[in-house]
Amino acid sequence: MRTTSPRPIAALLSVVALAACNSKGGDPDRQYGPNPYLPEPRAYLMPPMSVPKAVGWKAGETPTASAGLKVEALATGLEHPRTLYTLPNGDILVVETNSPGTEPFRPKDFIAGKVKARAGAGAKGGNRITLLRDANGDGQPELRTVFVDHLYSPYGIVLVGDTLYVADTDAIIAFNYAPGMTQITSPGVKLADLPAGRLDHHWTKSMTASADGSKLYVGVGSNSNITENGMDVEAGRAAIYEVDRLTGAKRIFASGTRNPTGVAFEPETQQLFAVVNERDEIGPDLVPDYLTSIREGGFYGWPYSYWGSHVDVRVHPQRPDLVAQAIKPDYALSSHVAPLSLLFSEGQHLSPGFAKGVFISEHGSWDRSPLNGYQVIFVSFIDGRPVGKPIPVVTGFLGEDNETVHGRPVGLALDRSGALLIADDVGNTVWRVSATQPRT
Amino acid sequence: MRRRDEQLRGSIGHARPRPLLHRGFLAAGGVLLIAAFVTDYTYYATALWQWANFSAWLITAGLIVTFIAVILLLIDAATGRAGRLNTSSFILFAAAALLSLVNAFVHSRDAWASVVPQGILLSALSSVLLLIAGASGWSLAISRATETNK
């Protein structure tokens, strides 16, 4: 009989080995597109972290736009602005919000709380929607009002006909809206409950509507990184819901999407797309966050596997039957960039290069060194599919020392003139990106 | 000198000798760390996440209480309560505490990987060391009273 080294001793030796190993992330360039480089997963005593300190913007400082574009502040002094939405009359809605707050479950959670606070993610959200009106389109709003107040960690927002739907973390609320309104005072009506509960780990509920307005689509994140809070609390989570707009009846449209922080329809094909934040703590280059088309009934792997059939051994018991069904996403955005919003372009207002494709905001990493993300990118589309490498559109959210962070991009919208708006939840600002030479 | 005499008299007579302060905390810390092995095993057997949670808290609490015991041991030494160091116990406890410190980090991993395989191996190993040390009394030093009685 062949002798093998006893497994317990090997396991203990590997603990010692882990403490000494280098854990720098590689070039994100290898992880863009349909076939990203995927290293072997690792286990850590202390997962690699690099947490930039949030310092905000000094007067006159702005992010950096790519050639031919300029950046100006549209609004400052907001309370953790996350989602942006442009109404048909050009008014801009800013959802000011943050997590409803969760209690620590494990010793680790105390440390995670400190990390978040340093990175500027711990700030209290306004739990309200602010309206900005810039009727003459000069980038200086003439009017700023509190549009809806006293919401509960709102995130997604969409107008269908004369009804404004707001996705609070626990329910979709419908408000009557008439063009030109600057404040909604009538109480909303609940359309449907959404998975929330005491833990509500990934709390954001991204939302969009189908072109005909009959259905709403809602992204619901998992209740953990990788099931460490038990499987019971994951029921109905890590999924994209379809909600009937008239009845409020809902069903799971697709599952296995760990944290689908943005959902939107591709305008040419009317195909639903999502950006999804993947799992942490198995390496600086695992797992790439992604952009993907969402198939009805599709399963995208979480928690059992990633990028198709790559099994995650942290999940027990495992489910080979589900792993076999897991769909490989369309387009990797590289690891830990934290894509939070996607916005399909509507023609070449900014630049001919941005005529057809999607803008994606990358909130930025803290569980990776060197840092990754902290920018707004553009991914070109051909025939309704993402192609090529991402093009940086707005950068400079990180300080030049790579240790401080001025802002972190979240929500995206186009204003009436076609300028790109970016919500920045550390700088508490809405940035407006426009062409330096007006296009005709 | 005078204190020594008093102590001697105290122990020879029926007055109570001054107890070692660190012993109770050492025993409590050791028990918490051993309990973490039990909860690790239960998690291994059931895959119910709350047991892994218990383990993480037990190890953290065990290390804190053991740390308090170390401070009290220094006070025992400084105030003349403690005599000679119980070397074998001290080595066993120190090794168990170091393994448990590493184990606290292993238990900060998520889900199954927080316990299997390294977490439960570390808690098993430190439990064995603690039980051997505990069998000879939960003490890192000989009480001076006992020492002078010899």
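Chain B and chain A touch: 19 residues of chain B are in contact with 23 residues of chain A, where contact means that the C-beta atoms of two residues, placed from the backbone, lie within 7 Å. This is a predicted model, in which local features need pLDDT of at least 70 and side-chain atom pairs count only at pLDDT 80 or more, while totals for chains, interfaces and linings use all residues. Residues are numbered from 1 along each chain as its sequence is written, and chains are lettered from A and ligands numbered from 1 in the order in which they are written.

**Where chain B touches chain A**

- Helix H3 (49-78), helix H4 (87-106) and helix H5 (118-135) of chain B each give two or more residues to the side that touches chain A. Helices (H or I, at least four residues) and strands (E, at least two) are DSSP runs, numbered from the N terminus.
- The most residues on this side come from H3(B), which gives 6.
- By residue type, this side of chain B holds 12 nonpolar, 5 polar and 2 charged residues. Here Ala, Val, Leu, Ile, Met, Phe, Trp, Tyr, Cys and Pro count as nonpolar, Asp, Glu, Lys and Arg as charged, and the others, Gly among them, as polar.

**Chain B as a whole**

- Chain B has 6 helices and 2 strands, and from the N terminus on they run α-α-α-β-α-α-β-α.
- Of the 150 residues in chain B, 45% are buried. A residue is buried if 20 or more other C-beta atoms, placed from the backbone, lie within 10 Å of its own, exposed if 12 or fewer, and partly exposed in between.
- Among contacts in chain B with a separation of 6 or more, 82% join residues 24 or more positions apart.

**Helix H5 of chain B**

- H5(B) has 18 residues and reaches 26 Å from its first C-alpha to its last, close to the 26 Å expected. The expected span is 1.5 Å times one less than the number of residues.
- The buried residues of H5(B) include Ile120(B), Leu121(B), Leu122(B), Leu129(B) and Leu130(B).
- After H5(B) comes Gly137(B), with a positive phi near 95°.

**Strands of chain A**

- Strands E13-E14-E15-E16 of chain A, in that order, form an open sheet of 4 strands with antiparallel pairing. Two strands pair if DSSP finds at least two bridges between them.
- Strand E13 (205-209) and strand E16 (250-255) of chain A are at the edges with a single partner strand each, so one side of each has no neighbour in the sheet.
- E13(A) and strand E14 (residues 215-220) of chain A are antiparallel and joined by 5 bridges; Ser206(A) stands opposite Gly219(A) in E14(A).
- Elsewhere, strand E25 (residues 375-382) of chain A pairs with E26(A) in the antiparallel sense over 6 bridges, and Val376(A) stands opposite Val394(A).
- The hairpin of E25(A) and E26(A) has 2 residues between the strands, and Asp383(A) takes a positive phi near 55° there.
- Strand E26 (residues 385-395) of chain A is also joined by 2 bridges to the antiparallel strand E3 (residues 64-65) of chain A, with Thr64(A) and Thr395(A) as bridge partners.

**Nonpolar cores**

- The largest nonpolar core has 88 residues, and Val94(A), Val218(A), Ile240(A), Leu421(A), Ile422(A) and Val430(A) touch the most other members. Such a core is a set of buried Ala, Val, Leu, Ile, Met, Phe, Trp, Tyr and Cys residues joined through C-beta atoms within 7 Å.
- A second, separate core of 42 residues includes Phe37(B), Leu72(B), Ala97(B) and Ala104(B).
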